[in-house]
Amino acid sequence: MHQTGVLIELASQHGVSNSFLESEKNRWSQLPCNNMTAFEQTCLKAPGITSDSPSRLFDHFKQLENILLCGVLSVFAAVREAEEFLVKSTFTQISFPMLTGEIGLEWFVGGIQLSLLLAIGSIFSTLLFGACLFKLMRSKSNVQHNLIKVLSIFLQNSPVILLLILGSLGSSLIWGSSLILSVLIAVCVIGLNNGANLGTSMYEASLAGEAEQSILSVAQSVMVQIRAVLINAVKTTPIASFVGVPELLTTLTDITSFSGNQFGPFLIMVIFYLCLVQGVVILIEQASKRLATYTGAQP
Amino acid sequence: MTFNLTDFMINFLYCFVTNIKIGLLSLAAGFVLGVPFAFALRHQFRVNSLIKMTLALFRSFPVYILMFIVFNKINNDEFLPGYTDYAIRLIAVVVAISVYTTAAVCDATSDCLSHIANKNTAQPYLIVPNVFRIFTLAMMSSSIGAALDVSEAVSYTVRVYESFPDRADRFLLVLGVTIFFAIVQHSLKILVLLLSQLIQRSIQKTS
């Protein structure tokens, strides 16, 4: 099917990104994969999780830095030893398949990168949309003010999972679908959902304060709400997996389905998200102190 | 394929009852841990630091991730023998949301106990709108159950829209359902506000 291009045609009809399908078509059109008698040995080999077979990731490492490769291999060996020790000492099978093989590691690193990107993107989009909605709510035009208020109520009160589906369907209507687009949509939707709460809080605080307060002094007065919405934004990011963003939850679920052991991957996931949320809390504390100094220094 | 709006709405509301059930069960589970935690925190128990740590953990843990962890745990280890696959999915959603409700119920109960200790007569009743607010949020959060294919309103909507060949129709259906959820949650928020104002007024009268 790859060779005939049927899959590319179907992908084009339904607006699905086809870069992977094109590379597969090229692969299946060339030797040895276009040879009916020889292809089974080389072309249908399923990707494994262990480090027994040579891989693309390792080829890169060899070309770039042999020392790094040795380091990665020694980490794999150390993790395997640790797994054996845990089995002997706790009598339970605990394994970390994402840290004992190159394909697992490749997926794991990709998942972490995407999760971090989602978290950082969600924080910035929350602040950006919050500030934009606040500015628009302060508009002197009644029509604009009311429209933005209705939009904010809609965004605040809709479940994030439905907003993500809505964003994903809307974008597929206009631009089709791809990984980058899914990530962008997830970042924007999480930002809008939390930003609407932030914008409303800032607007209500500005009504209670002086008439012409700067955006920074308003932000200073709603620091508790800013902290809450940013933490919520980070905690919401795993829901992006529902619309096909391959973040850490998705990649670890995939790795788990190959390895069969869940405890290790889920333990890593728990630690990752707890550290991420605590990191955001610390960053907000720092930003809050700086903002207080800055707004306090203003005349 | 023909789409009957009346049939969809009846089935949708039937599935929405599952969201309400999940909200109520999560709230009940929140009471089971949250109220004893609040009572313990008012006294000098040795376990208090452990309770505070547990609550901090509960507050910072993503509910969606926890739902998958709980589901994988109880689904594979024959943790709950005799339970159907659907019941296991439902339990996973309830347990995950209970983490939020436990922390929230503990906060609301702590406030209530402080008012009682200060001999305020009407303020302790503010726990009623607080608990109602927690229930509202738990009910709305139950939409994450769609990821585990629990038969709730969002999951049903996903099943229906996937049968639509036209993407514009899919978009319109999801938009309609999202507006429904937004109206329900906003109405419940107004109800919570009205309840709080009613109690505040009675506080002013008594004082």
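Let's start with one helix. Helix α5 of chain B covers residues 127-141. That is 15 residues. From its first C-alpha to its last, α5(B) reaches 21 Å, close to the 21 Å expected at 1.5 Å a residue. Keep in mind that this is a predicted model.

Now step back to chain B as a whole. Chain B has seven helices and zero strands. From the N terminus on, its elements run α-α-α-α-α-α-α. Along its principal axes, the C-alpha trace of chain B spans about 65 × 50 × 25 Å. Chain B has 207 residues, and 36% of them count as buried. Next, the contacts in chain B with a separation of 6 or more. Of these, 75% are between residues 24 or more positions apart.

Let's look at one helix pair across the two chains. Helix α7 of chain A, residues 142-157, meets α7(B). Their axes come within 8 Å and cross at roughly 95°. An angle of 65 to 115 degrees counts as roughly perpendicular, so α7(A) and α7(B) are roughly perpendicular to each other. From α7(A), the contact uses I153(A), F154(A) and N157(A). From α7(B), it uses A182(B), Q185(B) and H186(B). The classes here are three nonpolar, three polar and no charged residues.

Last, a pair inside chain A. Helix α8(A) is residues 160-174, and helix α9(A) is residues 179-208. Their axes come within 9 Å and cross at roughly 135°. That angle makes α8(A) oblique to α9(A). The crossing of α8(A) past α9(A) is right-handed. Who makes the contact? On α8(A), V160(A), L163(A), L164(A), G167(A), S168(A) and S171(A). On α9(A), the residues include L181(A), I185(A), V189(A) and N193(A). This contact divides into nine nonpolar, five polar and no charged residues.

Notes: Residues are numbered from 1 along each chain as its sequence is written. Chains are lettered from A and ligands numbered from 1 in the order in which they are written. This is a predicted model: local features need pLDDT of at least 70, side-chain atom pairs count only at pLDDT 80 or more; totals for chains, interfaces and linings use all residues. Axes are lines fitted to C-alpha atoms, for helices over the stretch in contact, and angles run from 0 to 180 degrees between N-to-C directions. Helices (H or I, at least four residues) and strands (E, at least two) are DSSP runs, numbered from the N terminus. Angles under 35 degrees count as roughly parallel, over 145 as roughly antiparallel, 65 to 115 as roughly perpendicular and the rest as oblique. A crossing is left-handed if the near helix is turned anticlockwise from the far one by less than a right angle, and right-handed if clockwise. Two residues are in contact if their C-beta atoms, placed from the backbone, lie within 7 Å. Ala, Val, Leu, Ile, Met, Phe, Trp, Tyr, Cys and Pro count as nonpolar, Asp, Glu, Lys and Arg as charged, and the others, Gly among them, as polar. The expected span of a helix is 1.5 Å times one less than its number of residues. A residue is buried if 20 or more other C-beta atoms lie within 10 Å of its own, exposed if 12 or fewer, and partly exposed in between; C-beta atoms are placed from the backbone.
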